[in-house]
Amino acid sequence: MTWSFQNDSPIYAQLVNGLTLRIVSGIYLAGEKLPSVRDLAAEAGVNPNTMQRALTELERIGLMFSQRTAGRFVTEDRTMIEQAKKGLAEEQVNRFLTAMTGLGYDITDIISLLKEKETKRAKEVQ
Amino acid sequence: MLRRLMKHEIRSTSRIMLPLFGVVLVLSLFVSIILRSGAMDHTTNPVLSVFYAIIMASYGISLGATFIVVLLLMINRFRTNLLGDEGYVMFTLPVSVHQLIWSKILISCLWFVGTCIMVGLSAMIVAFDVSTFAQMKDFFVDIWQQMNAYYALNGTAIIIESLLLFFFGYVACCLQFYSAMAVGYSFDRRKVLYSILVFFGFQFVMQMLTSMLFFTNGFDSWFDRIDMSVMTSVHTFFGVSIFGTIVYCAIFYFITTYFLQKRLNIE
Amino acid sequence: MSAILECSNLSKRFGSVNALSGVNLTIEPGRIVGLLGPNGSGKTTLIKLTNGLLTPSEGEIRILGELPGKLSHSMVSYLPERTSIPLWMTVDQLLDFYSDFYPDFDRTVAVGMLENLGIRGNQKIKEQSKGTREKVQLTMVMSRHAKLYLLDEPIGGVDPAARDYILNTIISNYNPEASVIISTHLIADVEQVLDEVVFIRQGAILLQSTVDEIREDKGKSVDALFREVFKC
């Protein structure tokens with residue numbers, strides 16, 4: 001997964017999102033030790049202070065925790081990760097809904113469209 | 001830090017000076033062989049005699065050229081290393097401007113002395129012969145004795161005085177070039193042209209000052225008033241010359257450091 | 001902790017031209033700062049003043065409390081806008097040179113970086129391409145453990161791969177007690193690496209802010225803001 005950044009929002013916020021995505025998708029496993037700030041910054045090609053800020057934010061949310069000497073880890077609390085995943089999913093759904101409403105569909109239309117798509121896909125798989 | 005600056009200065013300049021010394025010494029060897037074998041007188045082959053003549057001529061030229069190269073190198077090192085692109089690196093080293101200037105002066109002196117020694121060495125190669133060598137030694141010993149005994153001069157003092165005069169004279173020469181370039185390169189354009197103009201300007205002013213000093217009545221009468229022996233007059237001459245040269249050095253040194261510190265203008 | 005760089009009422013005139021006028025600027029330690037402005041805005045003048053290559057007409061500049069000079073030079077690592085390493089040297093001789101003059105020069109790091117770049121020690125700098133020379137000088141500059149790195153247009157004429165290499169070196173070299181100032185007009189390329197930007201126009205500081213503050217407040221990238229502010 002490579003890093004790319006949008007122009008319209010703060011870089012640290014995009015780092016928070018990107019790191020959350022890496023945790024919920026299992027690139028960083030629950031309880032796993034994370035690379036150092038400098039390595040993470042180098043990998044993403046961003047300023048180490050900005051990366052530090054994003055990590056602090058993730059600690060505040062509870063997706064990461066740091067131990068004074070051992071370093072920084074992904075949370076072991078799987079419900080927490082699930083919650084974050086749900087949060088990201090909700091965000092995607094909201095974005096999708098906004099776009100569809102913009103096209104003039106109401107919620108029942110959208111649901112039937114999704115069902116149609118699903119039956120088509122099931123047939124193709126067979 | 002001065003020592004380290006000098007180390008890298010030697011590294012840079014020896015690339016040019018050492019091969020040049022090599023060429024001169026090899027040519028001296030050739031000349032020596034040609035002269036000793038009498039090949040020049042015996043040959044009837046025109047090609048060969050032209051060849052001999054060329055060797056002899058290039059030997060003479062190379063001797064003179066070495067001194068000129070020492071001078072050109074002194075100028076060029078200052079120009080490229082301090083006032084050219086390399087100046088960005090040199091002037092941001094943790095060293096003072098004084099150290100930069102002295103490293104250049106001392107190494108140029110070193111090559112000047114080196115060239116003198118090399119010329120002596122070359123002369124020995126060309127003319128080496130046990131009897132000539134002995135004669136040369138006798139000649140110098142003779143002069144030394146005559147100086148001490150006949151003219152009642154202190155030979156050691158005179159040698160030290162001449163060396164001092166020579167040293168400060170060379171330093172003054174370097175600093176006159178350096179100060180001219182330091183001033184010339186502080187302009188935004190036509191840096192070389194300004195450097196040359198400033199150099200001759202300095203030359204003119206210094207000559208004026210010197211002649212004013214030596215030929216004013218005050219100075220003359222000062223000399224007249226004191227009844228000096230030969231010895232004191234020689235020592236006075238050296239003393240005054242050395243002092244004068246040091247004053248030259250001080251003036252040019254001040255100009256150089258001032259312009260390098262306050263008016264530096266590297267493109 | 002004292003500021004890495006502090007300019008107070010700093011002005012520089014060339015004849016009747018004001019290259020810098022009344023600049024007040026403080027750079028704290030641990031920052032990577034972009035000094036951004038169009039050509040001729042005074043970026044290089046500011047950097048040269050910091051290095052003592054120019055003398056202020058008014059005001060003063062201090063590096064960790066020191067005026068530019070011998071002592072400040074030992075704390076500042078400077079990459080000039082043009083390659084200025086002595087061309088007659090070999091790469092090894094250049095390593096000797098930097099080791100001799102800078103106690104904070106880490107020769108092992110430099111040799112490692114040169115190996116990564118495929119540059120041999122016995123290579124004469126004169127025989128290298130312009131791009132290679134730039135990389136060699138950058139290696140020397142970044143291999144010091146300095147307090148302030150001053151990089152004047154480090155990504156000006158280099159290819160994208162070299163640019164990434166340079167930016168990566170800056171990030172992995174990060175030290176919370178040192179600061180980096182990068183002067184450039186190519187903002188999009190460096191924006192992610194910076195935490196602070198200083199806009200400079202006609203010799204005056206127009207704005208000093210963090211990258212994320214700008215993005216948060218204006219909802220646009222620093223690059224976009226720069227284009228807006230410096231629109232012709």
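Student: Which residues of strand β5 of chain C point one way, and which the other way?
Tutor: In this predicted model, strand β5 of chain C covers residues 76-79, and its residues are buried on either side. In a regular strand, side chains alternate between the two faces of the sheet. In keeping with that pattern, Ser77(C) and Leu79(C) point one way, and the other way point Val76(C) and Tyr78(C).

Student: What is the bridge partner of Tyr78(C) in β6(C)?
Tutor: Strand β6 of chain C, residues 148-152, runs parallel to β5(C), and 4 bridges join the two strands. Within β6(C), the residue that bridges to Tyr78(C) is Leu150(C).

Student: How many degrees lie between the planes of Phe187(B) and Tyr194(B), which form an aromatic pair?
Tutor: A search of the whole structure finds 27 aromatic pairs over all chains. The pair of Phe187(B) and Tyr194(B) has its ring centres 3.9 Å apart and is stacked, a class that requires planes under 30 degrees apart. Phe187(B) is partly exposed at a relative accessible area of 31%, and Tyr194(B) is partly exposed at 30%. The angle between the two planes is 15°.

Student: How many residues apart in sequence are the parts that the pair of Phe199(C) and Phe230(C) ties together?
Tutor: Phe199(C) and Phe230(C) form a tilted pair, with 5.7 Å from centre to centre and 50° between the planes. Phe199(C) is buried, with a relative accessible area of 1%, and Phe230(C) is buried as well, with 13%. Because Phe199(C) lies in strand β8 (residues 196-201) of chain C and Phe230(C) in the segment after α9 (222-229) of that chain, the pair ties together parts whose separation in sequence is 31 residues.

Student: Which charged end sits over the ring of Tyr102(C)?
Tutor: Tyr102(C) belongs to a cluster linked by ring pairs, together with Phe97(C), Tyr98(C), Phe101(C) and Phe105(C). Over the ring of Tyr102(C), 3.7 Å from its centre, sits the charged end of Arg144(C).

Student: What area do domain 1 of chain A and domain 2 of chain A bury between them?
Tutor: The domain assignment of chain A gives domain 1 as 11-78 and domain 2 as 79-125, and their centres, taken over C-alpha atoms, are 28 Å apart. The contact takes 12 residues from domain 1 of chain A and 7 residues from domain 2 of chain A. In domain 1 of chain A, Val24(A), Asp77(A) and Arg78(A) lose the most area to domain 2 of chain A, together 54% of what that side buries. Of the area buried between the two domains, 69% is on carbon and sulfur atoms, and the total is about 830 Å².

Definitions and conventions. Residues numbered from 1 in each chain as written. Chains lettered and ligands numbered in written order. Predicted model: local features only at pLDDT ≥ 70, side-chain atom pairs only at ≥ 80, totals over all residues. Heavy atoms only, no water. Buried < 20%, exposed > 50% of the residue type's maximum accessible area, 1.4 Å probe, protein only. Pairing = 2+ DSSP bridges. Phe/Tyr/Trp six-rings, centres within 6.5 Å; stacked < 30°, edge-to-face > 60°. Lys NZ or Arg CZ within 6 Å of the ring centre and 35° of its normal. Domains from an automatic or database assignment. Contact = heavy atoms within 4.5 Å. Buried area = accessible area lost by both parts, 1.4 Å probe.
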